[in-house]
Amino acid sequence: QTEEHNDRSSTIWIIIHRKMSQNKGEVVRVELKEGFAILYLQREPVNSMNLAFFQELQSKLDQFEKDSNVRGVIFASGLSKNIFTAGNDINELWAKKTNEKRYKEFWEVSNRFFGRLLNSPLLTIAAVKGACPAAGCCLSMCCDFRVMTKDGSMALNEVALGIPVPEVWVKLMSSIVGKGKADKLTQFAKFVKADEAEKIGLVDLLVEDSQKLIPTAEAIMEKLLALPDPGRQATKNHLRKELSAEWCDPERLAKESKLGWEGLSSEATVTALGFVMARLSGGKAKL
């Protein structure tokens, strides 16, 4: 039954990427509340995360951290589709669609954002509806609290695409669910259904459906903001400063992007991602 679910989830993940198009509007939308903000991700059709997307996320994080009226942020999908984010845009990874310089910038910008988010002084909540693979899963794990709809699923499933899960991403998952669990989930690209995700601590709370997701996340934010910021921020820093510093280290990022490009430009990976691109484009991508 578990294998059937994984196969079904992988198929769903392929389908939701199909017909990826460049969004002509804003990729995020901000809704300000009393003491916090909701950041809606809305890059049609499935919130695929490209360079511009991450640059906008970093810009908004910088803006919120400088605003004394914003003590927390909720990350949520603003799409009508039942998806949080489909993860990194394959166009940023397939060597036939990008180049080493572009990939280096994409990789370093995206991972600096994750590293910064992990130890942000803001109180952060991921309000996850539906599917949440790969970089979407990473974004949610960087948050302080995760709420998910009962029909949701989550995975660091890069191995299914023929590429490795980044080392720091594995360390983060290991710190949340334990090394043994993370070992199996990452090596075998396993999608975790919502009930199991809650059981192992990958998410903190489940809600019945997307209608209850944002109100629940807001209620949790209001409750947690009742705690004074200084003590919470210092404690968070104790827990996360080492991994955050490692994640954002310029030398490590430069080395990782170089090794990453070597892997992505290899014949085997180009071919593997080519098949993924063909499925996403309905067979129109040239291999």
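Colleague: Let's begin with Ala-134. Buried or exposed?
Modeller: Ala-134 is buried, at a relative accessible area of 8%. Buried means under 20% relative accessible area, exposed over 50%, and partly exposed in between (1.4 Å probe, protein chains only).

Colleague: Before I go on, what kind of model is this, and how are things counted?
Modeller: This is a predicted model: local features need pLDDT of at least 70, side-chain atom pairs count only at pLDDT 80 or more, and totals for chains, interfaces and linings use all residues. Residues are numbered from 1 along each chain as its sequence is written, and side-chain values use heavy atoms, with hydrogens and water left out.

Colleague: Fine. Where is Ala-134 found?
Modeller: In helix α4, which covers residues 134–142. Helices (H or I, at least four residues) and strands (E, at least two) are DSSP runs, numbered from the N terminus.

Colleague: And what is the phi of Ala-134?
Modeller: Near 50°, a positive value, and the residue is not a glycine. Most residues other than glycine have a negative phi.

Colleague: How many residues of α4 are buried?
Modeller: Nine of the nine, so α4 is largely enclosed by the rest of the structure. Among them are Gly-136, Cys-137, Ser-140 and Met-141.

Colleague: What about Ala-189? What is its phi?
Modeller: Ala-189 has a positive phi of about 50°, and it is not a glycine either. Ala-189 sits in the loop between α6 (179–187) and β8 (192–193). Its relative accessible area is 10%, so Ala-189 counts as buried.

Colleague: Which residues does a cis peptide bond join?
Modeller: Glu-44 and Pro-45, with omega about 0°. Pro-45 is in the loop between β2 (36–41) and α2 (51–66). Most peptide bonds are trans.

Colleague: Let's zoom out. How many helices and strands are there in the protein?
Modeller: The protein has 11 helices and nine strands. Of its 287 residues, 54% count as buried. Then take contacts (heavy atoms within 4.5 Å). Among those between residues at least 6 apart in sequence, 74% join residues at least 24 apart.

Colleague: Now helix packing. What describes two packed helices?
Modeller: The angle between their axes and the distance between the axes. Axes are lines fitted to C-alpha atoms, for helices over the stretch in contact, and angles run from 0 to 180 degrees between N-to-C directions.

Colleague: At what angle do α3 and α4 pack?
Modeller: About 25°, with their axes 8 Å apart. That makes α3 roughly parallel to α4. Angles under 35 degrees count as roughly parallel, over 145 as roughly antiparallel, 65 to 115 as roughly perpendicular and the rest as oblique.

Colleague: Which residues meet there?
Modeller: Phe-113, Phe-114, Leu-117 and Leu-118 in α3 meet Ala-135, Cys-138, Leu-139 and Cys-142 in α4. By class, that is eight nonpolar, no polar and no charged residues. Ala, Val, Leu, Ile, Met, Phe, Trp, Tyr, Cys and Pro count as nonpolar, Asp, Glu, Lys and Arg as charged, and the others, Gly among them, as polar.

Colleague: How do α3 and α10 pack?
Modeller: At an angle of about 130°, with the axes 9 Å apart; α10 is residues 250–264. So α3 and α10 are oblique to each other. By class, their contact has six nonpolar, three polar and five charged residues.

Colleague: Switching to side chains. What does the side chain of Ser-120 make a polar contact with?
Modeller: The side chain of Glu-65, at 2.7 Å. A polar contact is a pair of N or O atoms within 3.5 Å; within protein, one must be able to donate a hydrogen and the other to accept it, and residues adjacent in sequence count only if both atoms are side-chain atoms. Ser-120 is in the loop between α3 (100–118) and β4 (123–128). At 1% relative accessibility, Ser-120 counts as buried.

Colleague: Last one. Where does Thr-149 lie?
Modeller: In strand β6, residues 145–149. Thr-149 is buried, with a relative accessible area of 1%. Its side chain makes a polar contact with the side chain of Asp-151 (2.7 Å).
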